[in-house]
Structures are given as structure tokens and as C-alpha cells.
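Work through the following exercises with the sequence and the 3D structure beside you. Try each task on your own before you read its solution.

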There are 2 protein chains.
Amino acid sequence: MESLTVGLGARSYAIHVGADLLTALPDWLKALQLPRRVMLVSNQVVAPLYLSTVECCLAAADFQVLSVILPDGEASKNAASLEQIYTSLIRSHCDRQTLLVALGGGVVGDITGFAAATYLRGVPFVQLPTSLLAQVDSSVGGKTAINHPLGKNLIGAFYQPRLVLIDVKTLQTLPARELSAGLAEVIKYGVIADANFFHWLELHSANLRRLEQEFLIEAVLRCCRIKAAVVAEDETEQGQRALLNYGHTFGHAIEQLCGYGQVLHGEAVAMGMLVAARIAERQQLCRMEDVQRIRELIAACGLPLQPPSLSLEACLEVMLRDKKVTAGRLRMVLNEGIGSAKLVEIADPGEVFAVALAPELLHG
Amino acid sequence: MESLTVGLGARSYAIHVGADLLTALPDWLKALQLPRRVMLVSNQVVAPLYLSTVECCLAAADFQVLSVILPDGEASKNAASLEQIYTSLIRSHCDRQTLLVALGGGVVGDITGFAAATYLRGVPFVQLPTSLLAQVDSSVGGKTAINHPLGKNLIGAFYQPRLVLIDVKTLQTLPARELSAGLAEVIKYGVIADANFFHWLELHSANLRRLEQEFLIEAVLRCCRIKAAVVAEDETEQGQRALLNYGHTFGHAIEQLCGYGQVLHGEAVAMGMLVAARIAERQQLCRMEDVQRIRELIAACGLPLQPPSLSLEACLEVMLRDKKVTAGRLRMVLNEGIGSAKLVEIADPGEVFAVALAPELLHG
């Protein structure tokens, strides 16, 4: 097992990465003196795989265990799922001495975190991420949210977990398509922050896709270290943290216009990264060779390169609603070569995106 | 104008109390370098009285002003009103550089604060409380919330405003019944924290009910000072802040069982305070003479003394869902004489409340 800390003063917490960690949960909760009453939140796909394991080990360690099972998928990241958690908590008379535990992917983690942030004005919570995307991204850093019918993640809070326990063995049951989607976020860290890691991924994407354990642990650790450093510097996204949104400006537009859940978040991010890299190249922030390497790594990870045919106007409309928009100006993260990135204001989004999308449309 | 500060480190903010302060808002916002885009949130009763005044002075000072008007009353402190604010913000493409301003009573302030806490994971907000209850209690301290069909204030966040501007002139348009309801919270501060203030209230309750300006400013200031000191010590209600819930344990049960809005919050708190004082007397924390003084001041403020006929079982059921319940044990705030209070665990709530309520039932 490897460990790191997200350094946020009184709100600091540990991330442990390894194999067979789920059953270590009770010991960690005791060590942190967290409440002995636990509400596990999972979904209809993950619960049959892992819920009873977690329930049993908690019960055996004298925890009082409740659970709520949400529908699966991005489409369920909404007010109705949140309400399902609230109602379970209230009907079970859960007070502030209740721990929420998210057992699942990014959707479960984000909703559970937001429920924890807002139930009785805040109860503690722990992340047990079971998808690669959640392990390298959404479970770390305290961004919690639900989607709004008019946009993704528009309602949420910054609210840190008390502990993140990452069991890479849970990736054995992850569909290949979702593993690839998670790899998009892994690639992102290389592009924006670590050229060596990007190169390591070029060498080892096949090992990761074959779920070789030591490679998975290494990749997850390196991603979490990068993310933890960024979050420690800028918890509430006033500056540097926005760089983690590389690929997300256009990615969110794709996700929303296709309907949440039709295109996976990571797939949308992969397409968004390629669009961002093309814009970066046109703005002379990187070379065509860098774009090509990004394109090839995305393909090697089994991710789609080509956005669906969408109206550019509709994409722009969604992008201008993005949280990264400030005073009506669209800003997006562009890579500088590979291993660095910066936030750039896009003066004429219509023209910039029309050009960046053109090659894909030609391939289409 | 009088001022004080709620000392919370980087989240500290000023409270200004005076007459004709609404039109000073633009200057304060500029001094604090808050966003120039403002979404005013008010309700159907307050908006016709003060919204255009605030809108005009902001527009004249080059602020971009939007507004949303909620239904009036505690019954509207729900997810639907919250959604109304979210939708207005999203449809107007409001980004994080948007200031929410609550113009109204406690309901408007609590909903607006919660919307600010959760829209795009947090935007700044300012309180312009127009009811006495909001001026002395809910606008200060960062407790934001909405009600849930199963209980009051169950969903919310601790989220501090950037500024509280209290214009006591707005109390001129407050219905007498609501002024009295606000006085219940004023009395509360005397009972739990300041015997001199309690005595001042015994002398001047009539001046307050006649809306004499210097008395209103003095009362609001003294309440805000007490609350600011408590909040600075214990922002998230781990200990001392719970004392501010004096009268609220039973009060919340009355409010909920009568239906939100049928009994005003302050009226319910008044009845809850009298029940708490009776329990305190039985537990030898205060004398019968103290109970009598509390009873008389409540009556002098035009507040009801007698709870409606409700089933004790139903009251207990609601009280056991209260946020102040820890690990299933009912705790409530009891006064020690007048001017001090403490949190006490109630071993046998059924018996304690049956006895405390008996005198009222006899009077009924």
C-alpha cells in the first residue's frame, strides 16, 4: 500500500492506494475516530459487486451500517438521487454523528460528497472509488456536485472527504470502455503537469489496459500526487486548480449535448483534450508533433478521437455557461508543449473552435 | 450607523446597523471589491416595498442588476424556491463573478445563502435583512438552509456572507405580528447570555414595539454582538453555538407539526423558551421567579404563551430528528437563571415534556 496526504490544514486527509483495501476500511475509520454509524452510498452496478463486502467488514467491527443504492450512470447525478440520500438519512434519524461513505465511481462520489456537505449543514464522508476515473480524479480534492438540467456540475460545494481508500482490485470488474474513459484523465495529468509521466504512459498504456496491478497502482499514485499538490495550493479553484479542467471545456459541451451518459465523461475529455491541443498548436503553444503524441496516446488507450456531429453554436452556448467563464469571457486550458499548461482567454470562440474542429469533420 | 465585525479569519465580515442604509449598498460593495454583477433575491411581499430602491441605486452606480422574486413565507423555504434561483442564475449565464444579495427576512436570507453556497460551488453573497428576526439572528453567522418535507433546515451549509447591512427603517413596514416574532429571538439573547440586556428589554419592550429608532438600533446591535461572539468561537456548531438554539428544540416541533408558516418561527421559539424555562426550573437550574420574568417579557412583546394542542408523541418524534440530537440522545438548551444557559441531555424526554407542558394544558 502507498499513501499520500492532501495538505489542507485542518481539512487534510490521507489517500491510500493498493490492492484489497476495501476490507481495511473499519480500521481506518477507527484510527480517524470517525462516527460508528455509517451510511454507505453505492449504485445498482457497484453494489452487487462490493457492497456486502464493505457492509460485512463494518458490521463485524461493530459499526452500525445503513445503505442506499442509487441508479447507475451520469443521468442519475441529479436532484432526485440527492433526495434519495437525504430521505434515507432523515428516515433513519441520522444525526451529525453519521459518516457517509461513497462506494462507486465519480457519480456516486460527487453526489455523496454533496449530500455530506449539505445534510444538517455538513457530516463527514469517505471516498471508496471503484472506477479509474474516480480513483485518479473525482474522489480527490473535495469537488462535489450534481448536474442541473441546464448544465453539468452547476450545483455543488467544495467539501473535503476525511479519507480516500483506493483499491485498484475493483478495476477488475470495470468495463473496458470505462477503464479507457478513466485513462483520459490519467493522460491529462501527463499533458498538463508531467512530461515524464506522459512518456511512461506511452510505454505502459497496454499494461494498464491489461489491468496489471503494479502499473495501476503506479499510475493512480502519480495522478493523485499531482492532483493533491494542485488542490493543496488552490482548494477553491481561484487559479492553478483550473488547469485540471484541461479538455473539460469542450468535453462538457459534448457530454451535455449528447445527453449525460451517452458519451462517457472521460471520452468527452479525450475529445476535448485533442481539440485543446489543436488550438494550442495554432496558438503556437505546442508543436504539431505534440498534438500527434497526444492523439496517439488517446487512441492507444482505446478512446474515441472524433467528436459526434454537433452544432458549433450549441457547443458555444454550453461553453459560455461553463464555471470557468469569467465576466462573460471564455477561457480554456491549453497545453504548452507536453507537461505544462495555462489558462488562456479565447477572444473569438466561434472562429477558434470552427478551425479546431475542422480536421475531425473532414475525417467524419 | 454602528458597526461590528464577525471575526472568522479570512471569512470575517462587517455588520452595519443604522437607518436608511439600503442606499449605501453600492458604496459598500465597491469598498469590498465585490462583483459588479448582482442578483437580488427578494420575495413577493418585500420586493414591492424595497426592491426598486436597491435596484436603482445599484444601477446608478454602474452595477449590472438582475432579480428574482420568490413566494412569501416559510412554506416557500424549499427546493422549488432554490431551483428558481438556480434557474435564474443559469439562464442569465451568471458565472462565479456574480454577487447574490438577499433582500428580505429569514426565509429569503437562508435560501439565498444556500443558493450562494452551492451555485457553481460557491459565489459571494450579502445580506440585507428586512425583518427583525433576520436582523438579529438569521442574517448573521452563515447558517444557510432550506426545509425538507420531513423537517426544518435539514438541508443547508455553513457559508458566511461578505457583508450584512441592517436598515432598521425597514421594520416600519413589518407587520406587528412579525415584529413580535423577532422579539422572541431578542429575548433569547438576554436569557442565554446577558442578564443586563434582559432587564433593558423588560424596561423597553414598549419602545421597541412602537418602533422607536434608537431603541431598535440598540437592541439589534446588542443581539448581533452576542451572536457574532458566539459564531467567532464556534462557527460550525460543535459546542457553544448550540446555545443559540434555546427554545428551538420544542419550537421546531411546534412549527413543523402546525405546518410551516402557520405559527411564525419566533412565536414557536417563544413557546419553546417557556417550555425550556419550565424544564430548567424543574431541574433546579433556575427559580420559578425567573420563569415568571421570562413569561412576562414574552407576553409584553405580544407573543403567544400557549402551544397549540399537539400530540406529545408527534412532538417527540420531531424533536428526535433535530440536528442537536447526538447518537440518538435528545439534548436541549436550558437556561441557568437568566443570562446563562447550557446544553443538557434529557434522559426521559416523554416524562420531562409531559410535565413541562401540563401547566399550559391546564390553562388551555
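A residue is called buried when its relative accessible area is under 20%, exposed when it is over 50%, and partly exposed in between, with a 1.4 Å probe and protein chains only. This is a predicted model, in which local features need pLDDT of at least 70 and side-chain atom pairs count only at pLDDT 80 or more, while totals for chains, interfaces and linings use all residues. Residues are numbered from 1 along each chain as its sequence is written, chains are lettered from A in the order in which they are written, and side-chain values use heavy atoms, leaving out hydrogens and water.

**Exercise 1. Describe helix H2 of chain B and find which of its residues are buried.**

Step 1. Helices (H or I, at least four residues) and strands (E, at least two) are DSSP runs, numbered from the N terminus. H2(B) spans residues 47-60, and its 14 residues reach 19 Å from the first C-alpha to the last, close to the expected 20 Å, where the expected span is 1.5 Å times one less than the number of residues.

Step 2. The buried residues of H2(B) are Ala47(B), Tyr50(B), Leu51(B), Val54(B), Cys57(B) and Leu58(B). They lie on the same side of H2(B) because they cover an arc of only 145° around the axis, the arc being that of the directions from the helix axis to the C-beta atoms.

Step 3. On the face turned away from this buried side, H2(B) carries the exposed residues Pro48(B), Cys56(B) and Ala60(B).

Step 4. Contact means heavy atoms within 4.5 Å. Among the elements of chain B that cover the buried residues of H2(B) are helix H1 (25-31) and strand S3 (37-43).

**Exercise 2. Describe the interface between chain B and chain A.**

Step 1. The contact takes 36 residues from chain B and 36 residues from chain A.

Step 2. Buried area is the accessible area (1.4 Å probe) that two parts lose on being put together, summed over both. Between chain B and chain A this area is about 3100 Å², of which carbon and sulfur atoms give 59%.

Step 3. A salt bridge is a side-chain nitrogen of Lys or Arg within 4 Å of a carboxyl oxygen of Asp or Glu. The count between the two chains is two, and one of them joins the side chains of Arg96(B) and Glu237(A) at 3.4 Å, N to O.

**Exercise 3. Is His248(A) buried or exposed?**

Step 1. His248(A) lies in helix H9 (residues 248-258) of chain A.

Step 2. His248(A) counts as buried, because its relative accessibility is 5%.
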